[in-house]
Amino acid sequence: MRIAIANRKGGCAKTTSAVYLCMAAWMRGIPVRLYDADPQGSATLWYDLASDDKPLPFDVIPANVRSVSRIPDDCLSVIDCPADGLALNAALSVADMIIVPSSDSPLDVQQTYETMKSLNPSAVSRVLLTRCERNTVSFRLTVDSLDDAGVPRFSDAVWKRQAIKNAFGMRPPKLYEYGSVFSDLLVGGKK
Ligand SMILES: Nc1ncnc2c1ncn2[C@@H]1O[C@H](COP(=O)(O)OP(=O)(O)OP(=O)(O)O)[C@@H](O)[C@H]1O
Ligand SMILES: [Mg+2]
């Protein structure tokens, strides 16, 4: 299965979600590779920094528009997408599943709707609410707005946490909600 983590908005936890979901796969003994299709190279930098101490337990492979189109389907592949450009389009067309991370800010959700509209209908697509703040009006409004519009989403949201923010460049010691999101993904991925 090839999973693209994509949103046309920058800074909405694409790279963080890609790394944590790969960790979740690895912790279940599922072979996984992370393809870094974003020229910013944040996932690759995360891997390099972690290698100095406790390496990420899966490969992070830099990818471009050509290599993304040829990602083999021999194991679980997670693609960290750029916010726009040809590599994004290539990743969206090769993906069996598209996860669209979004914060609980109305501004971000607007862009999430745009991203969802532009996706390949043959892929399973779901919004993953991330960096959310519990018991806030914005979180509740975001959930209601997605549900009223019939936009598929993971039932668990990932809460805003210092530990997740500070995990950049390290092997994440704990999965938080990404563990249950990954379980949900394995069930929901079957189309
Ligand atoms: N659950 C969370 N709690 C707190 N901070 C978070 C959480 N998830 C992500 N972040 C932080 O939000 C910022 C953006 O995350 P990230 O770099 O993963 O987004 P991105 O969509 O990959 O960005 P870009 O568009 O630049 O590639 C980072 O500083 C990251 O540490
Ligand atoms: Mg990124």
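**Ground rules.** I'm working with a predicted model, where local features need pLDDT of at least 70, side-chain atom pairs count only at pLDDT 80 or more, and totals for chains, interfaces and linings use all residues. Residues are numbered from 1 along each chain as its sequence is written, chains are lettered from A and ligands numbered from 1 in the order written, and side-chain values use heavy atoms, without hydrogens and water.

**The sheet.** I looked up the strand order and got S3-S2-S4-S1-S5-S6, an open sheet of six strands with parallel pairing. Strands here are DSSP runs of E, at least two residues, and helices are runs of H or I, at least four, numbered from the N terminus. Two strands pair if DSSP finds at least two bridges between them. S3 (59-62) and S6 (124-129) each have a single partner strand, so one side of each has no neighbour in the sheet. I then checked S5 (residues 97-102) and S6: six bridges join them. Ser-102 sits opposite Leu-129 in S6.

**Helices on the sheet.** H2 (residues 42-51) packs on the sheet and touches S2 (32-36), S3 and S4 (76-80). H4 (residues 86-94) packs there too, touching S1 (2-5), S4 and S5. Contact means heavy atoms within 4.5 Å.

**H1 against H8.** I found H1 (residues 14-27) and H8 (residues 178-188) packed at about 75°, axes 9 Å apart. Axes are lines fitted to C-alpha atoms, for helices over the stretch in contact, with angles from 0 to 180 degrees between N-to-C directions. The two are therefore roughly perpendicular (65 to 115 degrees). Among the residues meeting are Tyr-20 and Leu-21 in H1 and Phe-182 in H8.

Key. Angles under 35 degrees count as roughly parallel, over 145 as roughly antiparallel, 65 to 115 as roughly perpendicular and the rest as oblique.
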